[in-house]
Amino acid sequence: MKEKFYITTPIYYPSANFHIGHCYTTIIADSIARYKRLTGYDVYYQTGTDEHGEKIEKKAREAGVTPKEYVDKIIEDAKDLWKSLNISYNYFIRTTDEDHVRRVQKIFKKLYDQGDIYKGTYEGLYCVPCESFWTESQASDGKCPDCGREVKLVSEEAYFFKLSKYQDRLVKYYDEHPDFILPLSRKNEMLNNFINPGLEDLCVSRTSFTWGIPVDFDPKHVVYVWVDALSNYITSLGYPEEDTLMKKYWPADLHLVGKEIVRFHVIIWPCMLMALDLPLPHQVFGHGWLKIDGGKISKSLGNYKDPREYIDSYGVDAVRYYALREVPFGSDGNFSEEALISRTNSDLANTLGNLVNRSITMSHKYFEGIVSNPKVTEDVDNDLISSVLALKDIVEAKMNSLKVNEAIEEIMEVLRSCNKYIDETTPWTLAKDESKKDRLATVLYNLLESIRICAILLSPFIPDTSKKILDELNTKETSYESISNFGALETGLNLNEPTILFQRIEAK
Ligand code: MSP
């Protein structure tokens, strides 16, 4: 039986159309999901939308529509965006889905019945845009510590979740699972800023607005949006009503999130799971932010385009590649169209595109596109072959430690050495000498075989391009297993005509 791998993105707020920052998380999660599928895992990749809360209610009111009408439009657009980015999610959850709503109500009731949720009065500060509660000391200047906007004083009857009860077990879990929170700096931040000062019970219901999941046994309350949202990772698997998918996929292997919401995923979420007596996720990775001109990507600043404009101009794989390659995973990075263009030109057009085009063109020119391997080898071949064969394990190690940008760079490095191999073996000189014909065929075989192996390894990152290359090669050897065998590329193959994979883009 295949090993399972359950990976999630945050469920995004559909308060406005998604931007390149949302694409960033979703593309990375997609490439990890695709990589795991390629290497034989039974993958469940989930994304979705977090549709309740005061912020959305307010946005809808401003737009003069109902909250549901408001979010429906954005979700339709989001699904279209994910389609244009080739996002291979297995499930898209909406927190307005009936199943989710009913299951959250059951979770809330279960926690109430067992005494983990109790009724009290909430008095404190609330940040509406972040949907988060703060104590006086945390927001001492009246500003939200996360986003810097004004917090407001709220006082309302509310239900509370006994977060404090789980503090010791939580710290023990961190200690026993050193990879639970990555990068490590984020774990220290959680301990120092939130856990060690002492966890307070969490307010988990609101009464001052209605756009949320009603507490079914006390319907003037709606469930706190983060409890509603975090539950998505299990309600989608049927919890607490059905256990087939839960048994198959839970616990999650990787919750991929932006660094600003690590806190919810490594404090509130594990404590909820402990209360529900469910196993905790294996890992939460908090990645850095993509910025524009060093600052926030923001609708109010109007500093970003619809990501589909980049796809239309440069192609889906140029956008995916840029998101995956440009920023060391875990750090902040800057998004710019100039950098996207320059990355596309250098790596995709020059290194990859040229190599494939030159190799297939020469095969047509010298051998009518028919692949043969007379094995007239020279020393220079060995370096190339061993670097291509080493790639599988190197990429695996990088991907297992989520160094996606480095995994890709390793593949690029091998592609560069293929281009160097062309310069060293000078096929055009060999072609002038009839006695070197078999050597020439061997050189071209080595190139085509290296390209095949790299194309398979590139498939999680730039799936369309990988497919185009394998189609040009016309090979049936496209499995992951086949990349351990340099020589699997079939002889006697009829190569298809080469295409231009990436046009060089003129800088603007
Ligand atoms: N709804 C909550 C998440 C609930 S998960 C149970 C939420 N939504 S959000 O719409 O604000 O999305 C935040 C997430 O979007 C970030 O954690 C990150 O994954 C992604 N990003 C949004 N802007 C981003 C950047 N500028 N850069 C990188 N990622 C960004 O929080």
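Predicted model: local features only at pLDDT ≥ 70, side-chain atom pairs only at ≥ 80, totals over all residues.

First, a term: two strands pair if DSSP finds at least two bridges between them. Helices (H or I, at least four residues) and strands (E, at least two) are DSSP runs, numbered from the N terminus. Residues are numbered from 1 along each chain as its sequence is written, and side-chain values use heavy atoms, with hydrogens and water left out.

Now the overview. The protein chain has 18 helices and 14 strands. Its C-alpha trace spans about 90 × 50 × 40 Å along the principal axes. Of the 508 residues, 57% are buried. Buried means under 20% relative accessible area; exposed is over 50%, and partly exposed lies in between, using a 1.4 Å probe and protein chains only. Take the contacts with a separation of 6 or more: 78% of them join residues 24 or more positions apart. Contact means heavy atoms within 4.5 Å.

On to the parallel sheet. What is the strand order? It runs β3-β2-β1-β11-β12-β7, an open sheet of 6 strands with parallel pairing. β3 (91-94) and β7 (181-182) are at the edges with a single partner strand each, so one side of each has no neighbour in the sheet.

Look at β1, residues 4-12. Here 9 of the 9 residues are buried, so the strand is largely enclosed by the rest of the structure. β1 pairs in parallel with β2 (residues 42-49) over 7 bridges. With β11 (residues 254-258), β1 also runs parallel, joined by 2 bridges.

Next, helix α1. It packs on the sheet and touches β1, β2, β11 and β12 (284-287), with its direction at about 170° to that of β1. Axes here are lines fitted to C-alpha atoms, for helices over the stretch in contact, and angles run from 0 to 180 degrees between N-to-C directions.

Leaving aside residues up to four places away in sequence, Ser31 touches Arg320, Leu324, Met399, Val404, Pro460 and Phe461.

That takes us to a helix pair, α12 (residues 316-325) and α15 (residues 404-425). Their axes come within 8 Å and cross at roughly 115°. α12 and α15 are therefore roughly perpendicular. The cut-offs: under 35 degrees is roughly parallel, over 145 roughly antiparallel, 65 to 115 roughly perpendicular, and the rest oblique. On the α12 side, Tyr321, Leu324 and Arg325 make the contact; on the α15 side, Val404, Asn405, Ile408, Glu409 and Met412 do.

Last, the antiparallel sheet. This open sheet has 4 strands in the order β5-β4-β6-β8. Its edge strands, β5 (132-134) and β8 (202-203), each pair on one side only. β4 (residues 117-127) and β6 (residues 152-161) pair in the antiparallel sense over 10 bridges. Thr121 stands opposite Glu157 in β6.
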